[in-house]
Amino acid sequence: MLNDAWDNAITAYLVDQKSGGKPATTTNARRQHMEHLARRVAAPSPWALTLAELREYTSQQEWAQETRRGRRNTFKSFWAWAIREGLATENVGDQLPMVRVAPAHARPAPDRVYHEALMMASPRDGLMLRLAAEVGMRRAEVAQGHSDDVFEDLVGYSILVHGKGGRKRTLPLPNSLGRALVHLEPGYFFPGNDHGHLSPRYVGKIVADLLPDGWTMHTLRHRFATRAYALRSDLLLVQEMLGHASPTTTRRYVEYDRARMRAVVEELAS
């Protein structure tokens, strides 16, 4: 139950996170994680929540591996803070089973899927699609896009992207997309109730609803990565554009060019 006891504890925890320099993207995500937990358990406060109850809650969630890892990290961090503050005596988050990193495989959305979604989309939703598929932005980055972030340089339009962990990067925009963004009303591209803009989760849902079953906003990002690598064969370039800390992560976003693989097989067989 998300009552005053939970809300006050979560707020105090986030104040500590912000004082330690955690970026807004991290603190917003951790608030969502803790509030989701509070709403789905019967414990009247975080300090009344048992390890068995936390295990039961996590076992009932249909999360991807990376999502599950992120939730575990939040719970571990929250109860570590509570122990330092003298509010708890054990870290129930740290006692959850470790979550292995699942081997990831690139799954770029096909051109047909993307273009059919664009045809069905409203002008607003079409911009969400394009920022993911044509620029490679994450749903949180798209949700937080602001008119102040778009600027014109010597060769066209670019956008300052506010990425994970407070890392910023500048990406060039296709001219048509840049013109569409600068003609929006000043402020957030997609106004909403999450600090003035739509929540990343809602942006992801809007895009997923436009795509056939099995395809998501993230597969549009995979599409961007695969196409960018196919054009330049430069993994470090793709890494920079995606905002990854490691090229190992970027490699999991890039699908090998099937046509080139087939050409090699045919040549070897001839």
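1. Helices here are DSSP runs (H or I, at least four residues), numbered from the N terminus. Residues count from 1 along each chain as its sequence is written. Bear in mind that this is a predicted model, so to speak: local features need pLDDT of at least 70 and side-chain atom pairs 80 or more, totals for chains, interfaces and linings use all residues, and side-chain values use heavy atoms, with hydrogens and water left out.

2. On confidence, the chain averages a pLDDT (the predictor's confidence in each residue, from 0 to 100) of 93, and 99% of the residues score at least 70. Among the elements, H13 has the lowest mean, 81, while helix H6 (residues 123–133) has the highest, 97.

3. Now the second largest pocket. Its lining takes in 16 residues, with Thr226, Ala230, Glu255, Tyr256 and Asp257 nearest the centre. A pocket is an open set of points on a 1 Å grid over the protein atoms alone, where a 1.4 Å probe fits, with protein on both sides within 12 Å along at least five of seven lines; lining residues have an atom within 4 Å of a point.

4. Who lines that pocket? H10 (217–232) and H13 (258–269) each supply at least two residues, and H10 gives the largest share, 5 residues.

5. Elsewhere, helix H1 (residues 4–19) packs on helix H4 (residues 65–84) at about 90°, axes 10 Å apart. Axes are lines fitted to C-alpha atoms, for helices over the stretch in contact, and angles run from 0 to 180 degrees between N-to-C directions. H1 and H4 are therefore roughly perpendicular (65 to 115 degrees).

Note on methods
Parallel < 35°, antiparallel > 145°, perpendicular 65-115°, else oblique.
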